[in-house]
Amino acid sequence: MTSTAATTSVSLDITVDVPAETAFRLFTEQFDQVKPREYNLLSAPIAQTVFEPHVGGHIYDRGTDGSICRWARVLAFDPPERVVFTWDIDPRWQLETDPDRTSEVEVRFVAEGDDRTRVLLEHRHIDRHGEGWQDYAAGLAAEDAWPLFLARFADLTHEPSA
């Protein structure tokens, strides 16, 4: 896995040994296994993270008490090439309700053969979050943030159901 941090974005990539269609499907359909449960804005533990597979859908956490936290909006859903969603979480790890103060995450799936896919993740426009965005960007690039998400995703591609 490689990682770079630009002024207003964090970019990472990883290569997995599955076709692009499988990589896209695993990332979107099993996002519940990609996102760590400890990243939680709810007052209850997370029972499930849901990725609604269509433009206008949301990514949200459902708590064990039935509560819901919608923390992303799906902007593009183009299987098996890419998905784009907003990041509606501010630098204080609170929900951001102003769409002009949210960033975007684009994940692209590039076939490098029949059974190999390069997955490129770009979390961009982090500066839209306002004060403290530079430290926020550094945090998003840290090993326990996007690199952890991608490592968990790579683990999914090694499971027999992949």
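User: What does the secondary structure of this protein come to?
Analyst: In this predicted model, the secondary structure comes to four helices and eight strands. Read along the sequence, these elements follow the pattern β-β-α-α-β-β-β-β-β-β-α-α.

User: What makes the protein agree with a compact globule?
Analyst: For 162 residues, the rule for a compact globule gives a radius of gyration near 15 Å, and the protein has 15 Å, so the two agree. Taken along the principal axes, the C-alpha atoms fill a box of roughly 45 × 40 × 30 Å. Buried residues make up 47% of the 162 residues, and among contacts between residues at least 6 apart in sequence, 50% join residues at least 24 apart.

User: Why are β3 and β4 called paired strands?
Analyst: Two strands pair if at least two bridges are found between them; strand β3, residues 46-51, and strand β4, residues 58-63, have five bridges and run in the antiparallel sense, so they count as paired. One of the residues concerned is Thr-49, whose bridge partner in β4 is Asp-61. The two strands form a hairpin with six residues between them, and in its turn Gly-56 has a positive phi of about 95°.

User: How do you know that β4 also pairs with β5?
Analyst: The test is again at least two bridges, and β4 has five bridges with strand β5, residues 68-78, in the antiparallel sense, so this pair also qualifies. Arg-62 has Ile-68 in β5 as its bridge partner. The hairpin of β4 and β5 has four residues between the strands, and Gly-66 takes a positive phi near 90° there.

User: Why is His-129 called buried?
Analyst: A residue is called buried when its relative accessible area is under 20%; His-129 has 2%, and therefore it counts as buried. His-129 has its place in the loop between β8 (117-124) and α3. Not counting residues up to four places away in sequence, His-129 touches Trp-87, Ile-89, Asp-90, Pro-91, Arg-101, Thr-102, Ser-103 and Tyr-136.

User: What makes Tyr-136 count as buried or exposed?
Analyst: Tyr-136, which is found in helix α3, has a relative accessibility of 5%, and because the limit for a buried residue is under 20%, Tyr-136 counts as buried. Leaving aside neighbours within four places in sequence, Tyr-136 is in contact with Trp-87, Ile-89, Asp-90, Pro-91, Trp-93, Ile-126 and His-129.

User: Which residues lie nearest the centre of the largest pocket, and how many residues line it?
Analyst: The largest pocket is lined by 16 residues, of which Tyr-39, Trp-87, Trp-93, Leu-140 and Phe-149 lie nearest its centre. The elements that give two or more residues to this lining are α3 (133-141) and α4 (146-157), and α3 supplies the largest share, three residues. About 240 Å³ of space lies in the largest pocket.

User: How many residues of the lining of the largest pocket are nonpolar, polar and charged?
Analyst: The lining of the largest pocket divides into 11 nonpolar, two polar and three charged residues.

Key:
Residues numbered from 1 in each chain as written. Predicted model: local features only at pLDDT ≥ 70, side-chain atom pairs only at ≥ 80, totals over all residues. Heavy atoms only, no water. 1 Å grid on protein atoms, 1.4 Å probe; cavity = no way out; pocket = protein on both sides within 12 Å on 5 of 7 lines; lining within 4 Å. Points joined across faces, edges and corners; volume = space filled by probe spheres on them. Nonpolar A, V, L, I, M, F, W, Y, C, P; charged D, E, K, R; others polar. Buried < 20%, exposed > 50% of the residue type's maximum accessible area, 1.4 Å probe, protein only. Contact = heavy atoms within 4.5 Å. Rg over C-alpha atoms; globule rule 2.2 N^0.38 Å.
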